[in-house]
Amino acid sequence: MLNLKRSFPQDLSMREVVYAIRISHLEYSGLKIMDIKIGKSTDIENTLRQYSRGNRDIELLDMWTPNPDKTLSTAERGVHAVAERYAYDKQSEKFVFLQGAYQEFAETVNMLLRNVSREDLAAESTSSEFTDVDDYTGTTPSVIKILGEMHDVDSWADALTVGVATILRDVDDHERITEIDGRTRSYFVEEGRQSDLFKPRQIPDTNLYVETNFSANDCVRKVEQAMAKYGYDRAELEIFTEEV
């Protein structure tokens, strides 16, 4: 039995994230030392306000959302375990990183969890305003209807690739879609850069590749973001799913 699903609006300021916030830094003889707080939050804006009360020089470096099979607590413990491999020192949730060690740590976590920015969350909030069911977790797509066309699909990676290919087919500026990316992660790249992606898949009839290492909900949101980028109405997207 097929189900037609759309997305519920959600308050993304309450989105569960694991964060890395620089609370202080010091440079001495060319050596940069950063004190970074790594924790979990269901309201990142409130968390930032709390830290800024004691230090106006804080900086939100990275945020990660748990994988579908991970809880927020499990994801936080995993990030702490990775941080201990790269940090010079550790005091509870505060880690001290030297020079480029933080970047190496962040790149490792990016392979395990989804890196998001505040811009990502804002874009997802905008795309979700038009819909009324939110969670595709535990479903498999069977048909995607986009811009009046019906396409059979077998997976969420298929739905993402087919959806984006349909959007790009009748537009001139394919490269604009590469503007959809995260703070430290690309989602769409030109041919030759597909090694920048974790699970690249070529978009048919283009020289572009799309990241497919996403949850079901994120695959849908990437299609929604591509539609918004080229001025298409979100109402022209419907996805029929089956429970798994």
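Guide: What follows is a walk through the salt bridges, pair by pair. This is a predicted model, in which local features need pLDDT of at least 70 and side-chain atom pairs count only at pLDDT 80 or more, while totals for chains, interfaces and linings use all residues. Residues are numbered from 1 along each chain as its sequence is written, and side-chain values use heavy atoms, with hydrogens and water left out.

The structure holds twelve salt bridges (a side-chain nitrogen of Lys or Arg within 4 Å of a carboxyl oxygen of Asp or Glu). One of them joins E59 and R22 at 3.2 Å, N to O; because E59 belongs to strand 4 (residues 59-65) and R22 to strand 2 (residues 17-28), this pair ties together parts that are 37 residues apart in sequence. Here helices (H or I, at least four residues) and strands (E, at least two) are DSSP runs, numbered from the N terminus. E59 is partly exposed, with a relative accessible area of 33%, whereas R22 is buried, at 9% (buried means under 20% relative accessible area, exposed over 50%, partly exposed in between, with a 1.4 Å probe and protein chains only).

Another salt bridge brings together E76 and K40, at 3.8 Å, N to O, and it links distant parts of the chain, since E76 is in helix 2 (residues 72-86) and K40 in strand 3 (residues 31-41), 36 residues apart. In this pair E76 is buried, with a relative accessible area of 8%, and K40 is partly exposed, at 38%.

D218 and R221, by contrast, both lie in helix 6 (residues 216-229), three residues apart, about one turn of the helix; their closest N and O atoms are 3.4 Å apart, and both residues are buried. Finally, salt bridges with shared partners join R22, D57 and E59 into one network.
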